[in-house]
Amino acid sequence: MTESEYFQDNYPDETSHCYGCGRLNTEGLHVRSRWDGEESVAVHHTDPKYVAIPGFVYGGLLASLIDCHGTGTASAAAYRAAGRPLGSEPPLRFVTASLHVDYQRPTPMGVPLELRGVPTEVKERKVVVDITLSADGQQCASGTVVAVLAPDSMFAGSTDTAQ
C-alpha cells in the first residue's frame, strides 16, 4: 500500500470497517484526517439526515466525528513519535478509552465542519488528543479523546482473547 496523507487510508483492511472512519464501510461517515503542521485536520460535509432541529446538526454525530478524528490523530501521532511511516507494520491502531465532548453552540447544517486536533500526550500505548469542531469559522464543540493501542484480539487471526 502506498502511504496516503489521510491517516485512515493507511489502516489495515481488517480495521477499516468503523462506521465513523472506515474506508471499507459503505454506509459510514468516512472521516479522513491529515496533518496540518502540528495539528490534525478533517473536513466533514454533513448529510441532512443527521438533523437535530431543522437547520442544525445532531449532537451525537458531532461526538462521533470528534471520536474518530481523535483516534485517527492518536494513531498518526504514535507513528510520528516512533519515526515510522503511516501504515507500517506492526499497525499502531488506537481505540477510544474515554471521550469527553462539550457543546458551545448549535452547529448549523449545510456548511463544512472542520475538526482540528492537537495531541497533548503521546505515549507508547496511550495518546490524548484535544479537538475543536467549527462551522463557518465559529467553534461549535470541543472534545478530548483518550485513545489506547488496540489489543491484538481486535485483529483478524489473533489468538489473544484479552478483554
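Q: Which strands pair with E6, starting with E3, and in what sense?
A: Strand E3 (residues 94-103) runs antiparallel to strand E6 (residues 138-149), with nine bridges joining them; a strand here is a DSSP run of E with at least two residues, a helix is a run of H or I with at least four, and both are numbered from the N terminus. Two strands pair if DSSP finds at least two bridges between them.

Q: What is the bridge partner of Val101 in E6?
A: Val101 has Gly143 as its bridge partner there.

Q: And how many bridges link E5 and E6?
A: Strand E5 (residues 126-135) pairs with E6 over 10 bridges, in the antiparallel sense, and Val127 stands opposite Ala147 of E6. E5 and E6 make up a hairpin with two residues between them, where Asp136 in the turn has a positive phi of about 55 degrees.

Q: Before we go on, what sort of model is this, and which pLDDT limits apply?
A: This is a predicted model, in which local features need pLDDT of at least 70 and side-chain atom pairs count only at pLDDT 80 or more, while totals for chains, interfaces and linings use all residues. Residues are numbered from 1 along each chain as its sequence is written, and side-chain values use heavy atoms, with hydrogens and water left out.

Q: OK, helix H1 next: how far apart are its end C-alpha atoms?
A: They are 35 Å apart, which agrees with the 34 Å that the 24 residues of H1 (residues 59-82) should span at 1.5 Å a residue; the expected span is 1.5 Å times one less than the number of residues.

Q: Is H1 mostly covered or mostly open?
A: H1 is mostly covered, as 17 of its 24 residues are buried, where buried means under 20% relative accessible area, exposed over 50%, and partly exposed in between (1.4 Å probe, protein chains only). Just after H1, Gly83 takes a positive phi of about 70 degrees.

Q: Switching to charges, how many salt bridges does the structure hold?
A: There are eight salt bridges, each being a side-chain nitrogen of Lys or Arg within 4 Å of a carboxyl oxygen of Asp or Glu.

Q: What does Arg32 meet in a salt bridge?
A: Arg32 meets Asp9, at 2.5 Å from N to O. Both residues lie in the segment before strand E1 (34-36), so the pair ties together parts that are 23 residues apart in sequence. Arg32 counts as partly exposed because its relative accessibility is 35%, whereas Asp9, at 18%, counts as buried.

Q: And which residue does Arg80 of H1 pair with?
A: Arg80 forms a salt bridge with Glu38, at 3.7 Å from N to O. Glu38 lies in the loop between E1 and strand E2 (39-44), so the pair ties helix H1 to a part 42 residues away in sequence. Arg80 is partly exposed at 39% relative accessibility, while Glu38 is exposed at 63%.

Q: Last topic: how many cavities of 30 Å³ or more turn up?
A: A search of the whole structure finds one, where a cavity is a set of points on a 1 Å grid over the protein atoms alone where a 1.4 Å probe fits but cannot get out.

Q: What is the volume of the largest cavity, and what lines it?
A: Its volume is about 50 Å³, and the lining includes Phe7, Tyr11, Ser75, Tyr79 and Arg93, lining residues being those with an atom within 4 Å of a point.

Technical notes:
On a 1 Å grid over the protein atoms alone, a cavity is a set of points where a 1.4 Å probe fits but cannot get out, and a pocket is an open set with protein on both sides within 12 Å along at least five of seven lines; lining residues have an atom within 4 Å of a point. Grid points are joined across faces, edges and corners, and a volume is the space filled by probe spheres set on the points.
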